[in-house]
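This report examines charged pairs, helix packing and aromatic contacts. The structure under discussion is shown below.

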Amino acid sequence: MTDHLSRIPRSDAADNRERILEAARVLFATEGLNVPLREVARRAEVGPATLYRHFPTKEILATEAFAEQMRTCHAVVDEGLADPDPWRGFCSVIEKICEVHSRDRGFTAAFVSAFPKAVDFTADRDYALKAIAELAGRAKDAGKLRPDFVLDDLILMLMANNGIQAASAAAQVAASRRFAALVIQAFRAVPERSPLPPVARLALALPGVGR
């Protein structure tokens with residue numbers, strides 16, 4: 001009986017923690033990192049004290065909420081590095097990273113921020129950026145990536161990709177894929193026209209543009 005009763009609080013605490021993480025993932029993805037922690041607590045149906053007991057700072061909460069996306073980024077850059085064709089690997093990283101970031105507005109904000117209190121997140125981000133820098137160097141040596149490309153161009157790309165406003169989640173991803181294709185063409189050492197992915201319906205489409 002004692003063992004049974006002692007397991008109940010631990011089970012409730014685990015449930016609360018998962019609800020907080022799920023609420024944070026949804027709110028960060030749709031509204032970015034500016035969401036107040038009290039709103040996360042409200043969405044998770046827990047009190048602010050419960051949230052702070054599990055996640056004392058927004059940085060700690062975001063680090064855990066974005067763990068899956070960061071693992072995906074690791075896999076993407078590792079796959080790109082393993083490609084024997086550095087330009088193909090570089091293009092694959094651009095395409096997949098843009099798609100990952102297009103699905104979560106908060107993840108991009110965290111990725112391009114200093115996040116000084118989120119040590120684990122910072123280390124993971126630095127690993128991804130260093131790996132991309134290595135891949136970019138190989139692509140330059142192969143004569144495929146323009147020689148004036150710098151890593152800040154990647155951050156600029158992510159910030160621009162994060163600004164896409166589409167009519168739906170599916171359109172958001174489709175627009176990001178088209179944007180990535182345009183970026184890749186801009187990054188080529190030698191200009192080359194390639195067919196672009198289909199046009200997506202944007203939330204602020206201008207009448208007559210693109211027709």
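## Salt bridges

In this predicted model, R103 and E99 are joined by a salt bridge in which the closest N and O atoms are 2.7 Å apart. R103 itself is exposed, its relative accessible area being 53%. This pair belongs to a total of 10 salt bridges in the structure.

A further salt bridge connects the side chains of R125 and D126, with an N to O distance of 3.8 Å. The cut-off for a salt bridge is 4 Å, so the R125 and D126 pair at 3.8 Å is counted. The two partners fall into separate accessibility classes: R125 is buried, with a relative accessible area of 9%, whereas D126 is partly exposed at 31%.

## A charged pair within helix α8

Helix α8 spans residues 119-141 and contains both E134 and R138. The side chains of these two residues form a salt bridge of 2.6 Å, N to O. E134 and R138 are four residues apart, which is about one turn of the helix. An α-helix has 3.6 residues a turn, so residues three or four places apart point the same way.

Both partners are partly exposed, E134 with a relative accessible area of 42% and R138 with 34%. Elsewhere, salt bridges with shared partners link E99, R103 and R177 into one network.

Helix α10 covers residues 169-187, 19 residues in total.

Buried positions in α10 include A171, V173, A175, A180, V183, I184 and F187. Q172 and S176 are also among the buried residues of this helix.

## Aromatic pairs

Across the whole structure, seven aromatic pairs are found. One of these is formed by W87 and F90, whose ring centres lie 5.8 Å apart with 20 degrees between the planes, a stacked arrangement. Planes under 30 degrees apart count as stacked, which is why the W87 and F90 pair at 20 degrees is assigned to that class.

W87 and F90 are three residues apart in helix α6, and therefore about one helical turn separates them. Both W87 and F90 are buried. Ring pairs also connect F28, F66, F107 and F111 into a cluster.

Methods:
Residues numbered from 1 in each chain as written. Predicted model: local features only at pLDDT ≥ 70, side-chain atom pairs only at ≥ 80, totals over all residues. Heavy atoms only, no water. Buried < 20%, exposed > 50% of the residue type's maximum accessible area, 1.4 Å probe, protein only. Helix = DSSP H or I, 4+ residues; strand = E, 2+ residues; numbered from the N terminus. Expected span 1.5 Å × (residues − 1). Phe/Tyr/Trp six-rings, centres within 6.5 Å; stacked < 30°, edge-to-face > 60°.
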